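Hello,

Here is the structure I promised to pass on to you.

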Amino acid sequence: MNRRNFLNTAGLSSLALASGLTSCAPRFNASSAQVMHRVPKLKLSLDRIVKETVGLRPFRASGPRIAKETLGSKTLVHNYGHGGSGWSLSWGTGNLARELVLSTGEKKVAVLGSGTVGLATARLLQEKGCEVTIYTKDLPPNVTSNLATGTWSPASRVCDPKVATPEFQDLWEKATRFSFRRFQFMLGLDDIVSWVDEYGVSDQPFRQQTDVALGGEVYHLAGLIPERRDLSPNEHSFGSRYVSWRSSMMFNIPSYLHHQLSTFIMLGGKIKVQEIKKLEDIDALPELCVVNCMGLGAKEIFNDEELTPISGQLACLIPQPEVTYKLNARGASIIARKDGIYLGGNGLVGNWDTTPKREVTEKFVDTIQQVMKEMRS
Ligand SMILES: Cc1cc2nc3c(=O)[nH]c(=O)nc-3n(C[C@H](O)[C@H](O)[C@H](O)COP(=O)(O)OP(=O)(O)OC[C@H]3O[C@@H](n4cnc5c(N)ncnc54)[C@H](O)[C@@H]3O)c2cc1C
């Protein structure tokens, strides 16, 4: 066996070994020199749904607002409007906001909001020696961030690329790279971040699919996570002709939010439950530097006409320990988290209604059920 063959075989074998604890482990098929993905079926029925939610993604066509301005005697730093990418970008835009705060020289900082963006920003400021107080209307779990799917999707509905400037794309790339690196340091920490197999099942090769079918990803940055690749029919057990696969990251949201909150408090952070109703409420805060991480809540206070909701409905199924993958199929998706298997896939621009609709859930269930039916045993 030459060196290259040895390395290839060793790589594939260790992959199979490493994932061998679950039944969806890719198996090395010696005769065809391919990896067989045995994907466990979902137990999918309406009576296994324990929760349905609608969350509102805070979308701005030009992208998240990361900017510094003066408000009376205060410096205000904005960090809001992350669309469908707030979890993924939280560390990266938090870092950009931190640079703006540090340029003021202020060490006592107020952060408005305790969603994923506010918590990451507050933690990053603490790491540079700032004394941080979070002011927030609601605490987790009562934040939009708790209604997200929880996957690595830094370009999902992050802007309208027809409107966003090239400068924004540079900013996005900087934020994406910073976040990605930060997540690598969270791996292995109580499963709050982990790598999972992601499959795409479609009636077309994934290269011909629209951005929306691929989760609304408006930009692509090569070289961070492995690229999607098409699987041949003898590499998978799906019945569909076109199946793609890649490894991707996912976030176990309840434990992630808990980790962020408790670490913030452990490092001396303070939290005050308080609603900001008008600009004067910000002016009345004792801190001279204030970071606005209020998500959609920023719309009214700052009169931001660009900020609009893109609603997303999720249905949560009872967890199945053997199901650990992510699947996108014909407009619906599932992601297996520790707390449940989340079904979703829609996005309604401008919709403020947070009442879950049964017919939307039924459509997700029908689509994924069909994929399960088509699977070879
Ligand atoms: C269905 C769905 C799926 C998603 N999936 C993903 C995904 O897989 N990956 C990903 O990266 N992103 C995803 N997102 C996007 C992500 O959830 C958001 O971008 C993110 O939650 C925004 O975080 P935030 O901290 O800015 O806002 P929020 O979580 O809304 O937090 C805002 C904070 O500000 C506070 N606040 C608001 N108004 C006021 C006020 N007037 N006074 C005081 N406090 C106030 C709130 O109480 C809260 O604490 C998804 C979103 C949805 C809806």
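Which element gives the largest share of the shell around the ligand? That is strand E3, with four residues. Before the rest, two remarks on how to read this: the model is predicted, so local features need pLDDT of at least 70 and side-chain atom pairs count only at pLDDT 80 or more, while totals for chains, interfaces and linings use all residues. Residues are numbered from 1 along each chain as its sequence is written, and side-chain values use heavy atoms, with hydrogens and water left out.

**The ligand**

Around the ligand there are 36 residues, of which Gly83, Ser88, Ser145, Thr151 and Ile276 come nearest (a residue is near if one of its heavy atoms lies within 4 Å). By class, this shell holds 10 nonpolar, 22 polar and four charged residues. The classes count Ala, Val, Leu, Ile, Met, Phe, Trp, Tyr, Cys and Pro as nonpolar, Asp, Glu, Lys and Arg as charged, and the others, Gly among them, as polar.

For Gly86, a backbone N or O atom lies 3.0 Å from an oxygen atom of the ligand. A polar backbone atom of Trp87 is 3.1 Å from a ligand oxygen, and for Thr116 the distance is 3.3 Å. Taken alone the ligand exposes 1000 Å², and the protein buries 96% of that (areas by the Shrake-Rupley method with a 1.4 Å probe; for residues, only the protein chains shown count as cover).

Strand E3 (49–59), helix H2 (86–102) and helix H3 (116–127) are the elements that give two or more residues to the shell. Helices (H or I, at least four residues) and strands (E, at least two) are DSSP runs, numbered from the N terminus. Domain 1 (21–56 + 196–249 + 310–374) and domain 2 (60–183 + 253–307) each supply at least three residues to the shell; the domain bounds come from an automatic or database domain assignment.

**Strand E12 and its neighbours**

Strand E12 (residues 289–292) is covered on both faces: Cys289 and Val291 on one side, and Val290 and Asn292 on the other, are all buried. Buried here means under 20% relative accessible area, exposed over 50%, and partly exposed in between (1.4 Å probe, protein chains only). E12 pairs in the parallel sense with strand E5 (residues 74–80) over four bridges, and Val77 stands opposite Val291. Strand E6 (residues 108–112) also runs parallel to E12, joined by four bridges, with Ala110 opposite Val290. Two strands pair if DSSP finds at least two bridges between them.

His78 is found in E5 and counts as buried, at 0% relative accessibility. The His78 side chain makes a polar contact of 2.7 Å with that of Glu69 and one of 3.0 Å with that of Asn292. A polar contact is a pair of N or O atoms within 3.5 Å; within protein, one must be able to donate a hydrogen and the other to accept it, and residues adjacent in sequence count only if both atoms are side-chain atoms.

**Backbone details to check**

The peptide bond from Pro140 to Pro141 is cis, with omega near 15°; Pro141 lies in the loop between strand E7 (131–136) and helix H4 (166–184). Asp190, a residue other than glycine, has a positive phi near 50°. Asp190 sits in the loop between H4 and strand E8 (193–202) and is exposed, with a relative accessible area of 64%.

Best wishes
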